[in-house]
Amino acid sequence: MEDNELIDKFLAGDKSSFDALVSKYQGLVFNLCLKMLGNYEEALDVAQDIFLKVYESLKFFQGKAKFSTYLYRITINFCRNRLRALNRYRKKAVFSIDDPVETEDGLIEREFADKNPTPRESWEEKERQKAVLLALNSLSPEYKEVIILKEIEGLKYEEIASILNISVGTVKSRLSRARDILKNVLKDII
Amino acid sequence: MDDCNCKIIQDLFSEYIDNELNEEQSRLVREHLSSCEVCRNELDKLYKVSFLVKNLKEDAPPSDFLDRVHKRIEQRRSLERFLKDLFSNQNIKVPVALSLMVLLIFMVFKVRELYFPGQTIKTTQVVPPQGDSRKPISSSQEKLLYMSELYKGATSYTEKTESSSYEQGLSEKMKGLVPQHEIYGKTEGDILEEKEYVLIINTHDTKSALEKIKDILKETDTKIISLPVEDSKTNRLILRIKLSPQKLALLKNKINEERKSAYTSNTMFETEHYYKENVEDGIFYTAPLDWDVQIVENASYTDNTSQ
């Protein structure tokens, strides 16, 4: 069922339509939070808040933009706020180059749980993932946002511009800059 | 020339790999690539970076995610219901709620006073009146020498804004998230532990300033641990004091109160008034009390009069 249909039904009183929306987008939202915040627990917490927000503010959603754009916007904003709050109270960056990215080991464990790579492959792949995640987390929020929306979410420039409320030109230059930084940070493995 | 081209071409790479270049631009890039190995390598690196990020593992949210969302919605609903009830019931709940709020706000302010040792003494510009009549030069040369001896070896003078580091450090401490010893080396005991400070008052009338400050120091239980030095050349009154940071807040408040209260000085300037602009809050007030006060932690003070 189309998003707009689901929304209409939900606003008309059908709770299960909201559930359908959650089920449809929970992966997207959760992963976006996970990449932005780099922490499983935080991502889980923020993702729930995001859907709570959707629940409460769908009645104001005018359908001018796509629902997914609207959802992306909320997600980015919530992640930004959470990052600011986390940085403020922890004094140091949430991710320090010395700590292995917190749960990524856990994540990677999970991923490889039911496959059977050879031990060597598994270790190499894990290390590579870790390096990329660290590199991603080292980016400042504006760069991280465009990279994630482009590479991981696969969105077009216009949509990214719309979500972040910046011009397409800014998207282009931020992307270019972000990629240059990553190229440099990851120069040992590319 | 080639370097120039390479730069231009490489600037287009990001859009190139996203297929966002138009026909003309794409053609230009491809042409250049066919004859430039350097650029080919760079483009290759860019593709690899893009690939690496694209292929980061995804993770699924827990299977009970939907239930969790429902729970949160329920929590929000019951909070809203509670608040609605609280404010709709005309009887006892409203005054109770309101008085609780007032109490809370009051306590917050009290706690702030206790933990955040107040503002720094503001330094202000003194506009001396026309016909500056200096008081007769007192014989403070000897006192000066004595004081230079005392401050020998001290490091250079800096004005510290203690409140901001306190505020930052202590507000974090209060959140309980930063171990105490990390907060700029201060521990809980420091608020009450007495420390040494240097009190410097820039004023034309150092004599009456001395009288006044002695009173204030007495009121706030502050120990004076040095002979006051009156330096008439720089119009400064300097003394070393000892008190706890907590008392320091009170002292600063008292000094500020003194500075703000208007009175005419009978001793030298008769009915002439100083006009002073308080730069920080933009308040204009008359205060013949031309005190420009600095309180510096002892370790960082050096006597400038030798210059």
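Helices (H or I, at least four residues) and strands (E, at least two) are DSSP runs, numbered from the N terminus. In this predicted model, chain A has nine helices and zero strands, in the order α-α-α-α-α-α-α-α-α from the N terminus on. Chain B has 10 helices and eight strands. Chain A and chain B bury about 4,100 Å² between them, 60% of it on carbon and sulfur atoms; buried area is the accessible area (1.4 Å probe) that two parts lose on being put together, summed over both.

Residues are numbered from 1 along each chain as its sequence is written, chains are lettered from A and ligands numbered from 1 in the order in which they are written, and side-chain values use heavy atoms, with hydrogens and water left out. Because the model is predicted, local features need pLDDT of at least 70 and side-chain atom pairs count only at pLDDT 80 or more, whereas totals for chains, interfaces and linings use all residues.

**The two chains**

- Of the 190 residues of chain A, 49% count as buried, where buried means under 20% relative accessible area, exposed over 50%, and partly exposed in between (1.4 Å probe, protein chains only).
- Of the 307 residues of chain B, 38% count as buried.
- In chain A, 63% of the contacts between residues at least 6 apart in sequence join residues at least 24 apart; a contact means heavy atoms within 4.5 Å.
- In chain B, residues 24 or more positions apart account for 75% of the contacts with a separation of 6 or more.
- Ser17(A) lies in helix H2 of chain A and counts as buried because its relative accessibility is 3%.
- Beyond its neighbours within four places in sequence, Ser17(A) touches Leu6(A), Lys9(A) and Phe10(A).

**The interface**

- The contact takes 49 residues from chain A and 39 residues from chain B.
- The rule finds 17 residue pairs in polar contact across the interface (both at pLDDT 80 or more); a polar contact is a pair of N or O atoms within 3.5 Å, where within protein one must be able to donate a hydrogen and the other to accept it, and residues adjacent in sequence count only if both atoms are side-chain atoms.
- H2(A) gives the largest share of the side of chain A that touches chain B, with 11 residues.
- That side of chain A divides into 24 nonpolar, seven polar and 18 charged residues; Ala, Val, Leu, Ile, Met, Phe, Trp, Tyr, Cys and Pro count as nonpolar, Asp, Glu, Lys and Arg as charged, and the others, Gly among them, as polar.

**Salt bridges**

- The whole structure holds 32 salt bridges over all chains, a salt bridge being a side-chain nitrogen of Lys or Arg within 4 Å of a carboxyl oxygen of Asp or Glu.
- Between chain A and chain B the count is eight salt bridges, including one from Arg76(B) to Glu56(A), with the closest N and O atoms 3.2 Å apart.
- Asp49(A) and Arg72(B) form a salt bridge with the closest N and O atoms 2.7 Å apart; Asp49(A) lies in helix H3 of chain A and Arg72(B) in helix H5 (residues 65-88) of chain B, so the pair joins two chains.
- Asp49(A) is partly exposed at 22% relative accessibility, whereas Arg72(B) is buried at 16%.
- A network of salt bridges links Glu42(A), Asp45(A), Asp49(A), Arg82(A) and Arg72(B).
- Within chain B, Arg27(B) pairs with Glu31(B), the closest N and O atoms being 2.6 Å apart; both lie in helix H3 (residues 23-35), four residues apart, about one turn of the helix.
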